[in-house]
Amino acid sequence: MIKISLKTIFCLLFFSQLFSIHSALAGTGDTLKKLHDMRITSYTILGDYYMFSGLEGDSRYSRDMNSGMSTFEAKLAEITKELGSTEDLAGIVSNWQFYRSLIETNRSDFLSQGYANARLVGELEQKVIALNNSLSQAYSSLIESTNFPVSKWTQTTRDMSLIIITLTAEYSARGTSSMGQIMTIHINGEGMEHQAKVFAKHLSELKTAPGQTPAIAKSIDQVGVKWVFIEKSVANYNKNSVPFIVNSYGDRISQNLESIGNHYSASRQAKSQ
């Protein structure tokens with residue numbers, strides 16, 4: 001007969017519980033990241049649509065829209081398994097289906113007749129905001145229900161990513177528009193100028209974040225350099241419009257912010273083990 005001491009049993013139970021907690025944390029963190037990525041993707045698709053229509057049906061942005069929609073739906077399938085049947089998920093699915101339908105209809109109309117229905121173009125803004133509200137609600141609900149320890153700096157980078165992607169989407173709409181109704185777009189709450197100031201404030205705070213590795217410090221510096229390059233254009237969106245440059249640099253800033261956020265997310269989870 002094999003004898004196992006009580007001490008050994010307690011150790012096994014302890015490590016089993018520790019592993020379960022770590023797995024739960026990792027799973028929740030992954031789901032939160034997906035919800036955030038879906039918010040970014042939804043606004044990226046909108047910016048791509050405005051670049052597509054403003055540049056006379058540029059096929060590059062049509063492909064980018066397709067890629068964005070595929071990415072969103074892949075993550076939607078994953079969080080459907082992870083969140084289960086909830087009211088938050090139902091809202092995400094409903095708003096996404098409506099939003100995707102609007103994107104496809106407006107693109108099809110533009111390709112077939114050279115312009116899209118003004119009313120349906122206007123609805124894009126309303127639906128992307130509704131979709132983001134449902135994603136944001138699911139994100140907040142998951143944090144609250146699990147008491148997940150989101151790093152302050154990870155959340156800062158995610159907030160900055162949302163700001164830069166909505167700024168570039170709205171800038172693309174204004175900078176490429178030949179349609180008057182697009183000029184009414186307001187996906188940036190209190191306006192582009194205000195959001196640009198909020199982004200700059202967050203960037204100043206991020207530069208002081210502790211625990212920077214050389215690679216992360218370099219990424220933060222790169223965000224700053226790229227932001228300086230487009231900041232004046234964003235603030236003066238009605239003058240000398242350069243949508244391609246702002247769109248391109250906005251995407252690169254978002255990528256830098258993602259790597260920084262991932263660093264602080266991993267550090268926070270490691271401390272919570």
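1. In this predicted model, the largest nonpolar core contains 42 residues. Tyr49, Ile92 and Tyr99 are the residues with the most contacts inside that core. In soluble globular proteins, nonpolar side chains tend to be buried together.

2. Five helices each supply at least two residues of this core: H1 (6-54), H2 (59-83), H3 (87-113), H4 (118-146) and H5 (152-176). The most is given by H1, which contributes eleven residues.

3. Which residues does Tyr99 contact, once its neighbours within four places in sequence are left aside? They are Ser42, Ile45, Leu46, Leu124, Lys127, Val128 and Leu131.

4. Helix H6 (residues 192-206) and helix H7 (residues 214-235) have axes that come within 11 Å of each other and cross at roughly 160°. Because angles over 145 degrees count as roughly antiparallel, H6 is described as roughly antiparallel to H7. The crossing of these two helices, H6 and H7, is left-handed.

5. On the H6 side, the contact is made by Met192, Glu193, Ala196, Phe199, Ala200, Leu203 and Leu206. On the H7 side, Ile220, Val223, Gly224, Trp227, Glu231, Val234 and Ala235 take part. Sorted by class, the contact of H6 with H7 comprises eleven nonpolar residues, one polar residue and two charged residues.

Key: Residues are numbered from 1 along each chain as its sequence is written. This is a predicted model: local features need pLDDT of at least 70, side-chain atom pairs count only at pLDDT 80 or more; totals for chains, interfaces and linings use all residues. Side-chain values use heavy atoms; hydrogens and water are left out. Axes are lines fitted to C-alpha atoms, for helices over the stretch in contact, and angles run from 0 to 180 degrees between N-to-C directions. Helices (H or I, at least four residues) and strands (E, at least two) are DSSP runs, numbered from the N terminus. Angles under 35 degrees count as roughly parallel, over 145 as roughly antiparallel, 65 to 115 as roughly perpendicular and the rest as oblique. A crossing is left-handed if the near helix is turned anticlockwise from the far one by less than a right angle, and right-handed if clockwise. Contact means heavy atoms within 4.5 Å. Ala, Val, Leu, Ile, Met, Phe, Trp, Tyr, Cys and Pro count as nonpolar, Asp, Glu, Lys and Arg as charged, and the others, Gly among them, as polar. A nonpolar core is a set of buried Ala, Val, Leu, Ile, Met, Phe, Trp, Tyr and Cys residues joined through side-chain atoms within 4.5 Å. Buried means under 20% relative accessible area, exposed over 50%, partly exposed in between (1.4 Å probe, protein chains only).
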